[in-house]
Amino acid sequence: MPGPSKGGQALFLGLELSTDQLRATIVDENLELIGVEAVDFDTALSEYQTQGGIFTTPGDAYTTPVDMWVKALDFLLEEISRNHEVSKIKSIGGAAQPALVWWKSTPVPNFPSLDSRLPLHSQLSPNTFSLPNTPVAQDTFSHSHALSIEAMLGGPDHMAARVGTCANSSLVAAQILRVRETSPETWARTGRIQIASAFLASLVAGTWIGIAESEACHWDDEVIEYIAGSREEAWRVRGWLGDVDVSGGGRRVATVSRYLVDRYGFEPDTIIASFTADYLSTYLSLVPSPSDAILSFGPMDFLLTSATHYLPSRLYSIYPHPAQDPSEKRKYIVMLTSRNADVPRALVRDMYTKSWSAFDRLVSVVPPGGSIGLDDKLFSFWLLQGDSHPLSHVKGIFRFETGVKVNEFRDLRANPRCLVESQVLSFRVRWARMTATGALGAAVGRGRGSSSLVTSSAAASPGPGQRTGTPAIGPLGATSSGLGLSFDPYDSSSLPARILSTGAAINFPAVASLVSELFNAPVFVPTSQLDSAQITPHRNAPAKGYPGRAALGGAYVARWVWGKERGTGRGSFEEEVRRLLAKRWVTSGGTPIRTHVGGETPVGSGANTPYGSRRSGFGAAVLEEEEEDVIEEMERLERLGGDAFGEGELAARLRTATGSSTATTTTTTTTTGTSTSSGGAHPSTALTTPDIGTTNASSAGEAAGAATTAALIPVTALPTGEPEIQVGLAKIAEPDIDAFMAYAAIVPEYCRLEGMLVKALV
């Protein structure tokens, strides 16, 4: 049921075309959550036989049927019109996954005429599209084409300077080049190409919507000519791509279609705001301060932050801010990505544990670096796909003990922690390299301007051993020059003041603690995710009734644009959103923002019971609770793999922990990477898990065979400052200076091993 809405309050709709679902979020004028709807591709549209919303084939091909998106929009609009007063919706914003839609030449140049008596999918059949199944972000078949574009532009540095990024498989130009070279029949019958966000906007506007500048910034005349094959063909490709909206996202780009007015009852003057990429819309939904970093876990992991200048580099991608007024000083967002994200995490879970619960426990109890010693740290690199620079050409699973490559760790229990450490360390190292270039300005991290939202002592002031404005000195006076690095790993002053995180992995207490310790910064999550995690902690998709972050970001943009047209908006997008949320806080008498509408209400969630305990500390070595089956599993792994942590160290620690078997049980389907309730339907939005039938870790495979395991106990909130609560954030982890210094000590070795992989020396 929709949430309460005061009398004539205007409503604002955000749409999100994600990999696994099409979602809608509705907010009112004060940004209070009013409604949430979702269409799950695997369950609601099972006739397409997707898994997690995609088709997978041997190799690195990941595609999705465009017709499924159109049919899902029919279903979603029916739900919205049935459950909400659509006549009150004044503005629509949205976001979509990075993908291309290839239209045939028949509906071009005019957008197809739509009959309001018929659903969309009956009028936009699969035959409407020249490429019925389009590659999605996880697809890497275009990687070689991206590298050829990079070579044509003179290498990664020249390419980054030219278009704002170096080669990657998700590059629009690479996808287009791939089709021209591998599918000439598709090329011949194409009449228009749209990015998925512009495609979704066009469907609700009933006219062609140009791509937003935030997603078109990597286009270049020379690149278009190269991918088209000739100067003459380049003119044709430019026509396919259409115009670019360079307004900055701060104005109406269209009005809702006559089709939506007649069929569903929308008002004819309903605003269509600019749509953007899902990761950029997620960024907007969290309204970060300049000193924050957004860490999003999922099928691909992202780390984003703001930048005041356009300084391209192969170390990161840079985009224009997707919601800024032309009168503002130009702003940008820089992004680091990792393609090796959920899949390696799910693979390690299947190979070495019975469940996500056991995975979390192993990450928690294994010491930092996988060893209690100082000189025998363990490292692993799970590069199942070519990743971002500098690892774009490296593929494989690599493990190192005492600096030597090994096929498997002596103690199998180290694998989960070493994997997560490697993934987060990669972001921590790349962030440091990025800030060392001056990309984020002269003052970064805790010195990057003051933020009214940073209230915790850990975020507002230097930690122990730090001096404001002065690099910290590590053991024995080690500095960046002495360690052969471009940055000082012991200096946290250039790191983010706060980590704002989303995605299933951050629901794991041990992962949250590890992120906080590596960055020496508190970790916050949206309260809506915190509540959703109490129901389905292992899923990236929110539980029923909980908003998707990108959809919420679209709704916020819709509200911002509407306010600007009415002359009531004040300041930048972030300033206006904070103002509205602060106003809502005051008028509601200090009531936290609503986290869900309908669906299941969690018991003892972070938002409803805000303060929980943090299972952490230096290396998170001591557990307050440990399920009996997890203890048995770890003891079995000890027998299989030996004990690299010292004679009986971890086993004794586990046996003396205060065991508890009161947690509810779930049925785990390890071949699909999904833990589901024994009485519920199989969810399609869990972490994607590859087929591990070909793995040669026979003893590890034995660990994945159990059917009944304890449920994962997700993170709960720590005491959180009022400014964060106002905008819907909850603190879940605080930094530990000892752990940060311990990790700083292993950064040089991590970088050395990474360099060996880059140079193909191992």
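Start with Asn540. At 24% relative accessibility, Asn540 counts as partly exposed. The cut-offs: buried means under 20% relative accessible area, exposed means over 50%, and partly exposed is in between, with a 1.4 Å probe and protein chains only. Asn540 sits in the loop between α20 (527–533) and α21 (549–566). Helices (H or I, at least four residues) and strands (E, at least two) are DSSP runs, numbered from the N terminus. Gln529 is eleven residues from Asn540 along the chain, and their C-alpha atoms are separated by 9.5 Å.

Two notes on the source. This is a predicted model, where local features need pLDDT of at least 70, side-chain atom pairs count only at pLDDT 80 or more, and totals for chains, interfaces and linings use all residues. Residues are numbered from 1 along each chain as its sequence is written, and side-chain values use heavy atoms, with hydrogens and water left out.

Now the sheets. Two strands pair if DSSP finds at least two bridges between them. Strands of a sheet pair through backbone hydrogen bonds, either parallel or antiparallel.

Take the seven-strand sheet. It is open, and its order is β16-β17-β15-β14-β21-β22-β26. The pairing is mixed. Which strands stand at the edges? They are β16 (317–320) and β26 (729–733). Each has a single partner strand, so one side of each is left without a neighbour in the sheet. From one strand to the next, the twist averages 30 degrees. Axes here are lines fitted to C-alpha atoms, for helices over the stretch in contact, and angles run from 0 to 180 degrees between N-to-C directions.

Look inside that sheet. Strands β14 (residues 292–296) and β15 (residues 301–307) run antiparallel, joined by three bridges. Leu295 has Leu303 in β15 as its bridge partner.

What packs on this sheet? Helix α13 (residues 278–285) does, touching β14, β15, β16, β17 (332–338) and β21 (498–502). Contact means heavy atoms within 4.5 Å. The direction of α13 makes about 60 degrees with that of β15. Helix α16 (residues 414–436) lies across β14, β15 and β17. To β17, helix α16 runs at about 145 degrees.

Next, a three-strand sheet. It is open too, in the order β4-β5-β8, with antiparallel pairing. β4 (55–56) and β8 (133–135) stand at the edges. Each has a single partner strand, so one side of each lacks a neighbour in the sheet. Two bridges join β4 to strand β5 (residues 62–65). Phe55 has Thr63 in β5 as its bridge partner. Helix α2 packs on this sheet, touching β5 and β8, and its direction makes about 45 degrees with that of β5.

One more strand pair. Strand β7 (residues 100–104) and β9 run antiparallel, joined by five bridges. Trp102 stands opposite Ile193 in β9. Is β9 covered or exposed? Strand β9 (residues 190–195) is mostly covered, with six of its six residues buried.

On to the aromatics. Rings of Phe, Tyr and Trp (its six-membered ring) pair if their centres lie within 6.5 Å; planes under 30 degrees apart count as stacked, over 60 as edge-to-face and the rest as tilted. The count comes to 21 aromatic pairs.

One of them is Trp69 with Phe199, a tilted pair at 6.4 Å centre to centre and 50 degrees between the planes.

Another pair is Tyr310 with Tyr332. Their ring centres are 5.5 Å apart and their planes at 50 degrees, so the pair is tilted. Tyr310 lies in the loop between β15 and β16 and Tyr332 in strand β17, so the pair ties together parts that are 22 residues apart in sequence. Tyr310 is partly exposed, at 34% relative accessibility. Tyr332 is buried, at 12%.

There is also a cluster. Ring pairs link Trp69, Trp103, Phe111, Phe129, Phe199 and Trp208.

Now charges over rings. The rule: NZ of Lys or CZ of Arg is within 6 Å of the ring centre and within 35 degrees of the ring normal. The charged end of Arg238 sits over the ring of Trp235, 5.1 Å from its centre. For Arg498 over the ring of Phe524, the distance to the centre is 5.4 Å.

Last, the cysteines. Cys418 is buried, with a relative accessible area of 2%. Cys751 counts as buried at 9% relative accessibility.
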